[in-house]
Amino acid sequence: MITYYDDRSVQVTSAAIRVDGRAFPLAEIGLVWHRRGDRSWRVLAGRGAIGAALAGPLVAAVVGIAVAVRLHRSPTVTLAVVGASVLVGLAVGPVADFLFDRLDRSWDRGSRQRELWVRWQGRPVLLLSTGDALRFGRIYRAVQRAMENAAPPRRPGGSPARATGPGTPGPDSRR
């Protein structure tokens, strides 16, 4: 038996797909497809907040320098305000790595819910629903490989009984 994917809740092997303790033998799966949900505004707002957190100290530094120059105060006061503004601008440095890492992970996970569907014993069954695009892609590709490597039974017309592909399934469609 070949294992194509294995994590806490999903296992894809050359014999079956197991999701949260339920097993779906590959021989009983007729079709595999996926669907994407709507964008999550929460994820998009989080990305915007990270961008604002990155830009905030830099904007504050530029505004502080502009204010210091426009006040026309003594050189000591101007220098103090410019120095404080530069320090505020430099504060973004240590935090930037952390924020860029969070932003990068946000793009890996995606902003949509993804669903993996199969036709099992003649009826559509939702196997998996996740917002993690990277994990979903790995699982979907493992299911594709498992289905491709499984010997599909032949129909009376000589066409394979299984098809894998994106989108909504159509009758006898191979996508």
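Reader: Before we start, what are the ground rules here?

Author: Local features in this predicted model need pLDDT of at least 70 and side-chain atom pairs count only at pLDDT 80 or more, while totals for chains, interfaces and linings use all residues. Residues are numbered from 1 along each chain as its sequence is written, and side-chain values use heavy atoms, with hydrogens and water left out.

Reader: How many helices and strands does the protein have?

Author: Helices (H or I, at least four residues) and strands (E, at least two) are DSSP runs, numbered from the N terminus. Here you get four helices and eight strands, in the order β-β-β-β-β-α-α-α-β-β-α-β along the sequence.

Reader: Okay, aromatic pairs. What describes a pair of aromatic rings?

Author: You want the distance of the centres and the angle of the planes. Rings of Phe, Tyr and Trp (its six-membered ring) pair if their centres lie within 6.5 Å; planes under 30 degrees apart count as stacked, over 60 as edge-to-face and the rest as tilted. This structure holds three such pairs. In one of them, Phe24 and Trp120 have ring centres 4.9 Å apart and planes at 80°, so that pair is edge-to-face. It ties together distant parts of the chain: Phe24 sits in strand E4 (residues 22-25) and Trp120 in strand E6 (residues 112-120), 96 residues apart.

Reader: Are Phe24 and Trp120 buried or exposed?

Author: Buried means under 20% relative accessible area, exposed over 50%, partly exposed in between (1.4 Å probe, protein chains only). Phe24, at 2%, counts as buried, and Trp120, at 10%, does too. Another pair, Phe136 with Tyr140, is stacked, at 5.9 Å centre to centre and 10° between the planes. These two are four residues apart in helix H4 (residues 133-149), so about one helical turn separates them. Both Phe136 and Tyr140 are buried.

Reader: Which charged end sits over the ring of Trp117?

Author: The test is NZ of Lys or CZ of Arg within 6 Å of the ring centre and within 35 degrees of the ring normal. Arg35 has its charged end over the Trp117 ring, 5.1 Å from the centre.

Reader: And where does H1 bend?

Author: A bend at a residue is the angle between axes fitted to the seven residues ending there and the seven starting there. H1 bends by about 35° at Ala55, and Pro57 follows within four residues. Buried residues in H1 include Leu54, Pro57 and Ala61.
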